[in-house]
Amino acid sequence: MFWISLKNMKARNLSRNFLAALTLALFAMRGFAAAQEVPQFDDGNRLYEAGKFADAKEAYGKLMKTGPWSANLFYNLGNAEWKLGDAGQAALDYERALALRPGHPEARTNLEFVRNRTGARVFARSWWEEWLGVLNPTAAAVLGALCAWVFVFCMAARTMKPGARTAANIVLMLAALLGGAYAGGAMWMGQTAAGKATIIAKTTPARVAPADTAPAADTLPAGSEVLAPEARGAWTYCTLPSGARAWVATGAVERVALPAP
Amino acid sequence: MAGLLALVSHRALADDVSATAKISDAETEVGQAVDFQIQTTGGDARVPENIAVDGLSITYTGQSTQTQINFGTVFGSSGSHMQTLNTYTYSVVPQRAGSFTIPALQVEVNGQQLATKPVNLNVGGSTAQNSTGKNDLYFAQLIIPKTTAYIGEAVPAEIKIYVDGRIAAQLAEAPDIAVDSCTMQPLTKPQQTQVERNGRVYAMVTYKTALTPVKAGTLKIGPVKQECLARIPQKRRRGGGPFGNPMFDDPFFDDAFTMMGPPQKVTIETDSTNLEVKPLPSTGQPESFAGAVGQYTMTTTVKPTMVEAGDPITVTARIAGRGNFDRVSGPQLTDPRGWRVYPPTAKFSQDDDLGISGVKTFDMAAVPQEGKTAAPELKWSYFDPDKEQYVTLTGSSVPIKVEGQIAAAPTPAISTPANTTANAAPTPGAPDIMYIRADSGGWGETFEPLYASRVFWMAQAVPLLALLGFIGLHVRAKRAADLPARRRAEWRREKDAAMDAARRRGVPEAELYERAAWALRLEAAAQMDRAPDTLHAAEVLGARALGAETAERVRRLFERQAEALYAGSSSGARPASAEAQADVLDLIKKYEGAKSVS
């Protein structure tokens, strides 16, 4: 069908057909991915439902090491960890679920619950940071590319076809510009989030120097956020929610973003 | 002339060398400058730069040279004699009253060592002298409010520098304080005010600091020395006045004609003072004492007040008062059992310039290991130098609610990199997390952003190709729309080429008619938008409104072209005459100029 339309299309319909085809392809790919069967995930779910949280965590953990990943995998893993009393690791995996899908409602709720229980410290976010964080970086990249091409095709049409210089064309270009700006902001937010890490130890002193005897700059409960962690052996240098830079034990902090399995 | 200069030079070299010292006035008053001069003859001299006399401030102000040529008998021989007199001037400002002697000074003149004679100066005390016989133009005080202190006690100190309001003084950076066996806080920024003392107006500069003795015994503090650059006013000496008019001796003119002396470096110095330093009592020293000396109070707060065992609470202790805050460390727990405590963070907010008064706040994270009904009680000790005893402060007991129990063994007070595993269990029955998701929600997600992958950028080739295709199709369509115009342009170029060939000298007759007929066909084809090789002679004739004669000539042209082409006439090979060429070219011009017939 797509081939037929290509064969018959005129130049003015090219961009419209291309965008429609791209959207269809994305949905098709997503549908294929969603339909994929991963038995380890179901095994973990069954173990969790049976109250065997340690076994469920092991099943989810294996899948986490081998892949494929999904936001729900990390969300369920976080639940198992919480049930086992590991608040810091649970908060970390909820953060991972949200990094993959920022709109994940259960992960957001549970993360807030865990942080309230531990008294975790987090970075203050403004309304626009929250707004930009709604879109995950992958969706932002697709939106950004789509908007960029819409803009380019509209511009090309305006240049080459005087008949295309309509109000609708201008509205479409403006929409593409706004969408592109939002996508750029969301990608920037994603970049910042990639440098985020979570305190997984119960209560971690952040010190002004990498030594147990150094004065404490702050005390970070489990689930607290830190930024831009730079590991230096047993100690990691990072930015605390207070804005100060300090050292925490490397074993007490873990990055949210994981390298591909 | 040259001989005269040589003679003068010869005489000058033969001068005697001498050095004498004199003073402009042998009697003066405190603060009134007089000039002290060393005069030398016989060549360049080296005079001392600094002359030290206790009670006199002597500053070198410059040199002058005078040359005299004397005519007459010198050493028994007649002729001219040249003498050079160098005068080195110093400004002498008495700082106190008394009799002073500027000693004999060593002067080197033309390589010879000479000595001046001592010079006496009597200084009266009427202008500026205080009861102690010290200088009243500028002086300083070191004020320490105590004579005894304990080791570690912060003792405030104040330095006040007074400079007569008529002196233009520029103080050096900060005074130098001679002090040993104690630490000193950095001096505060200088505060300048005007004060009146003994009927005189002074500019007063105040510095503050705090001294903390570190050793028992008698501690000598001071003297404090402040260096400054001062221009001291010089009163006009009476007995003459300007222009020798006695009218100017009137006291009215004292201030009006006061002159500022040259800038001179002066040192303003305080007396030293003693501080008796006592050691802290060794008996009765509390366990929680860490060296704080002063007067303090302590308050404690706790938040949150309702937690589960294993969840940290923050205990805040505020220690306020006056003393050596640099030795104020965090309080201790009265009973640390059942608590895991982390080193506190400290924040000091000072109330004064010296940092010996204020509030130091300690935030301490404490993790209950079992059920508790009250926050940990804090204790903290200091030594009160006024009461001369140790004091232990205890924070009030804040009620809190801690539920649950941690099964883990007691852990050390300070966590280390190895001790980092969280272990808090949710309480049964309490609000809990949301349930797991049974669906995967879509596999294949990754933390690597899509725009960082190569596939994403390769995929952009698809819309790029589409865009290029779109542009290509547009260009092709545009070109198709322009085909007739391009074809006409091509025919015009062909016609121009045919005309050029027809104009060529010695062109064969057959070729001349062939080219001319082709030029007419191209002209008609451009008008009719038809291929030129499909046009007959009649169609070419019909395309333009021609006169009968011109039409006949065109017809004949086509006939000759046909003869040359089909009849095989041998005459076609011979060169065309110039008349024939001109006739053909004229015909084409007429055809071009004729009106088109649609």
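## Briefing: chains A and B

In this predicted model, residues 238-257 of chain B keep a pLDDT under 50. For that stretch the model has nine contacts beyond four places in sequence. Where pLDDT is low, the predicted coordinates should not be read in detail. The model as a whole scores ipTM 0.77 and pTM 0.40.

**Confidence in chain B**

- Chain B averages a pLDDT of 80, and 83% of the residues score at least 70.
- Among the elements of chain B, helix α1 (residues 2-13) has the lowest mean pLDDT, 42.
- Strand β12 (residues 148-150) of chain B has the highest, 92.
- Residues 127-133 of chain B also fall below 50 in pLDDT. Beyond near neighbours in sequence, this stretch has 15 contacts in the model.

**Nonpolar cores**

- The largest nonpolar core holds 76 residues.
- The residues with the most contacts inside this core are Val92(B), Val155(B), Ile159(B), Ala210(B), Val315(B) and Ala366(B).
- Leaving aside residues up to four places away in sequence, Val92(B) touches Ala33(B), Val34(B), Phe36(B), Leu56(B), Ile58(B) and Leu121(B).
- Another core, of 68 residues, lies apart from the largest one. Among its members are Phe74(A), Val114(A), Leu220(A) and Val248(A).

**Contact between the chains**

- Chain B gives 47 residues to the contact, and chain A gives 67 residues.
- On the side of chain B that touches chain A, the elements giving two or more residues are β28 (357-368) and α4 (461-481) of chain B.
- The largest share of that side, eight residues, comes from α4(B).
- By type, the residues on the chain B side divide into 28 nonpolar, 14 polar and five charged.

**A three-stranded sheet in chain B**

- Three strands of chain B form an open sheet in the order β2-β10-β7, with mixed pairing.
- β2 (27-29) and β7 (98-102) of chain B stand at the edges. Each has a single partner strand, so one side of each is left without a neighbour in the sheet.
- From one strand to the next, the twist averages 30°.
- β2(B) pairs with strand β10 (residues 119-124) of chain B in the parallel sense, over three bridges.
- Glu29(B) stands opposite Gly124(B) in β10(B).

**Chain A**

- Chain A contains ten helices and seven strands.
- Of the 261 residues of chain A, 43% count as buried.
- Take the contacts in chain A between residues at least 6 apart in sequence: 58% of them join residues at least 24 apart.

Key: Residues numbered from 1 in each chain as written. Chains lettered and ligands numbered in written order. Predicted model: local features only at pLDDT ≥ 70, side-chain atom pairs only at ≥ 80, totals over all residues. Core = buried A, V, L, I, M, F, W, Y, C linked by C-beta atoms within 7 Å. Buried ≥ 20, exposed ≤ 12 C-beta atoms within 10 Å, placed from the backbone. Contact = placed C-beta atoms within 7 Å. Helix = DSSP H or I, 4+ residues; strand = E, 2+ residues; numbered from the N terminus. Nonpolar A, V, L, I, M, F, W, Y, C, P; charged D, E, K, R; others polar. pLDDT = per-residue confidence, 0-100. Pairing = 2+ DSSP bridges. Axes fitted to C-alpha atoms, helices over the stretch in contact; angles between N-to-C directions.
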